Amino acid sequence: MIQNIRPKTCFLKIVITICNKIGNSMNRAFLFLVLFFLCVDSICVTGQQQGDVDGDQIVDLHDITALADQWLNGPGGTADLADNDGVNLSDYAIVAQNWLQGALLLTEFMAENKNYLADGNGTFSDWIEIHNQSGFPISLSGWYLTDDPNELQKWAFPDHLIIASNDYLLLFASGQPDTSYPYRDSLGYYHTNFKLDTQGEYLALVRGTRIMHEYGPKYPHQSKNISYGIGTESQTETTWIAAEEMVRVLVPADGALGTSWTAWNCNDTDWYLGLSGIGYETSPADYQSLILTTVPAGTLSFYSRFYFTVEDAAAVSALTLRVKYDDGFVAYINGVEVARSAYAPAVPLWNSVTTGGYYHPDNEAVVFEEYDLTPFIHLLNTGSANVLAIHTMNNDSSSTDLLLLPELVATLRSTTQQHIPMYFAEPTPGTKNQGGTPFIQSPDFSHPTGLFTENFTLALTTESSTGTLRYTTNGAEPSESSAVYSSPIPIISSTTVKAVVYEPGIGRGATVTRRYMKLDSDVQAFTSNLPIVVIDTLGSTIGTTSFCLSFSAFLDTAADAPAAPESGPVVSPLLPGASADS
């Protein structure tokens with residue numbers, strides 16, 4: 001079946017007429033190649049994957065040439081790939097749909113098989129899976145596997161091996177000596193003469209001296225019992241709300257709001273603006289590193305609102321709320337309750353405490369507690385009209401601490417039109433790959449998080465040659481509508497930069513955040529026998545009863561001052577020897 005070709009019908013007829021009047025097959029092939037790139041986005045074919053006109057197990061320029069030579073011939077030719085009606089646009093569409101796809105693919109491998117799949121010797125060797133995606137059996141005589149681009153014929157498949165149509169072949173890469181070739185264990189698995197490197201290396205499937213499928217120049221770092229390969233069905237985990245996220249906070253004075261504050265469209269412009277986590281601590285110091293927005297000591301209850309953007313609500317397959325809290329909470333998404341902790345009151349009021357004055361132990365409060373919100377995915381809105389609202393409760397007014405630090409994590413599913421490299425947390429040796437996580441490079445920043453006195457330009461880079469770098473400078477999570485990085489970013493004031501890489505047809509990678517706090521130039525020359533605490537309120541005023549977003553830094557003036565704590569950000573080389581907290 002061919003669909004969606006009508007808009008280009010006139011142009012196609014012109015190109016076809018020209019092709020028919022050209023005698024030279026290579027000139028005709030060139031025009032067909034032009035036609036191919038015009039058609040590949042507008043033609044959709046269903047059915048068995050085909051397109052290998054010349055029978056060399058890969059769809060490439062040779063097949064374009066063969067199809068051009070047989071253009072408009074009658075039924076039965078090698079290029080008559082569909083419907084036995086002669087060589088026409090239906091056949092050309094099949095070639096376009098399967099461009100550069102080989103019949104045999106290295107679909108999955110595991111380079112750190114700790115205890116996932118044992119070979120016939122009871123050993124957990126590295127393994128490699130090969131899939132025949134064609135509609136016919138393929139002999140492996142003259143085929144090779146290699147982990148060295150300079151030795152393409154490193155390990156030869158035994159001549160008698162045949163992979164049936166749509167079948168899989170599993171081998172172990174255990175590094176057997178050549179004197180044992182062809183080594184086959186008691187379960188019938190063949191073993192190669194090389195092992196796989198967990199740090200990443202070259203891997204290729206070769207026919208004769210021609211590379212049919214490769215992972216090059218090398219595949220990425222591999223982890224224990226996680227496989228790597230290609231697939232079209234993926235799932236990506238993305239964090240919508242994380243630590244240090246922008247949040248609106250209110251310590252209510254009465255119950256006038258009821259539960260209206262949990263709705264997305266609640267007016268919270270006069271609420272305090274800060275960063276999570278939220279709470280207070282008088283003693284001991286269990287939550288010191290977690291609290292970035294402080295509420296008054298003795299607070300019984302406070303409300304918090306976290307806004308987040310959903311690019312495609314239909315793509316969300318799972319949703320998880322992770323919370324560090326003391327002592328109780330009730331959570332809402334877009335006005336509907338979705339989770340509550342133990343001992344939260346059945347009907348929480350503006351000044352509620354936990355039922356029975358329950359005290360959540362500090363050693364448990366600093367560990368994320370997970371709640372499955374997948375049944376509430378239908379509450380999500382595509383776009384920015386989403387809010388996670390949380391009512392946090394103390395156990396009583398004499399409590400020495402109070403804490404809320406949430407994370408909202410979504411699993412997104414997607415299907416691509418071509419095979420893409422992925423990690424698989426649930427390997428599927430011998431069967432179709434599903435639910436992978438695409439490998440997407442994270443962006444690199446030219447400057448680490450820290451302090452600065454002189455303005456500078458921030459460069460963002462990525463090793464990906466196909467990805468698009470998008471970023472924000474206002475602390476918001478980057479999306480597909482965020483600015484595309486094209487030149488260094490001027491940093492002239494305290495700034496939060498978030499960046500992410502989007503890969504076409506795959507999705508987005510992990511967000512990387514860096515914070516830069518500007519100090520006046522006279523701070524470097526300032527002398528003191530005491531440590532210095534610097535606070536930047538980003539232009540806001542700190543009131544006696546209000547909160548505002550701020551960055552803070554601790555500078556130890558002693559000559560033998562220790563380095564910055566591991567839990568804090570890295571300090572910019574612009575202030576050597578300083579330490580910072582933010």
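**Ground rules.** I am working from a predicted model, where local features need pLDDT of at least 70, side-chain atom pairs count only at pLDDT 80 or more, and totals for chains, interfaces and linings use all residues. I number residues from 1 along each chain as its sequence is written, and side-chain values use heavy atoms, with hydrogens and water left out.

**Overall make-up.** I count five helices and 36 strands in the protein. Both are DSSP runs numbered from the N terminus: helices are H or I with at least four residues, strands are E with at least two. Next I checked the contacts (heavy atoms within 4.5 Å). Taking those with a separation of 6 or more, I find that 69% come from residues 24 or more positions apart.

**Strand 4.** I went to residues 126–132 and asked how many of the seven residues of strand 4 are buried. Seven of the seven are, so I have this strand down as mostly covered, buried being the under 20% class.

What does strand 4 pair with? I found strand 3 (residues 104–110), joined to it antiparallel by six bridges, and strand 9 (residues 168–173), also antiparallel over six bridges. Pairing needs at least two DSSP bridges between the strands. I jotted down one partner pair for each: Glu108 is bridged to Glu129 in strand 4, and Trp127 to Phe172 in strand 9.

**Salt bridges.** Side chains of opposite charge can pair when their charged atoms come close. The rule I used is a side-chain nitrogen of Lys or Arg within 4 Å of a carboxyl oxygen of Asp or Glu. By this rule I get eight salt bridges.

I started with Lys114 and Glu112, whose side chains meet at 4.0 Å, N to O. Lys114 is partly exposed, at 48% relative accessible area.

Then I turned to Lys498 and Glu245, with their closest N and O atoms 3.7 Å apart. Lys498 lies in strand 32 (residues 495–503) and Glu245 in the loop between strand 12 (227–241) and strand 13 (246–250), so this pair ties together parts that are 253 residues apart in sequence. Lys498 counts as buried at 5% relative accessibility, and Glu245 is buried too, at 8%.

My next pair was Arg305 and Asp268, a salt bridge at 2.8 Å, N to O. Arg305 is in strand 17 (residues 301–307), while Asp268 is in the loop between strand 13 and strand 14 (272–275), so the parts they tie together are 37 residues apart in sequence. Is Arg305 buried or exposed? It is buried, with a relative accessible area of 0%; Asp268 is buried at 6%.

I also noted a network of salt bridges that links Arg322, Glu370 and Glu407.

Which peptide bonds are cis? I logged Gly216 to Pro217, with omega near 0°, and Ser276 to Gly277, with omega about 10°. Pro217 lies in the loop between strand 11 (210–215) and strand 12. Gly277 is in the loop between strand 14 and strand 15 (278–281).

I looked at positive phi in residues other than glycine as well. Asn225 has phi near 60°, and this residue lies in the loop between strand 11 and strand 12. Asn225 is buried, with a relative accessible area of 16%. Asn334 has a positive phi of about 50° and is found in the loop between strand 19 (328–333) and strand 20 (336–340). I have Asn334 down as buried at 18% relative accessibility.

Methods. Buried means under 20% relative accessible area, exposed over 50%, partly exposed in between (1.4 Å probe, protein chains only).
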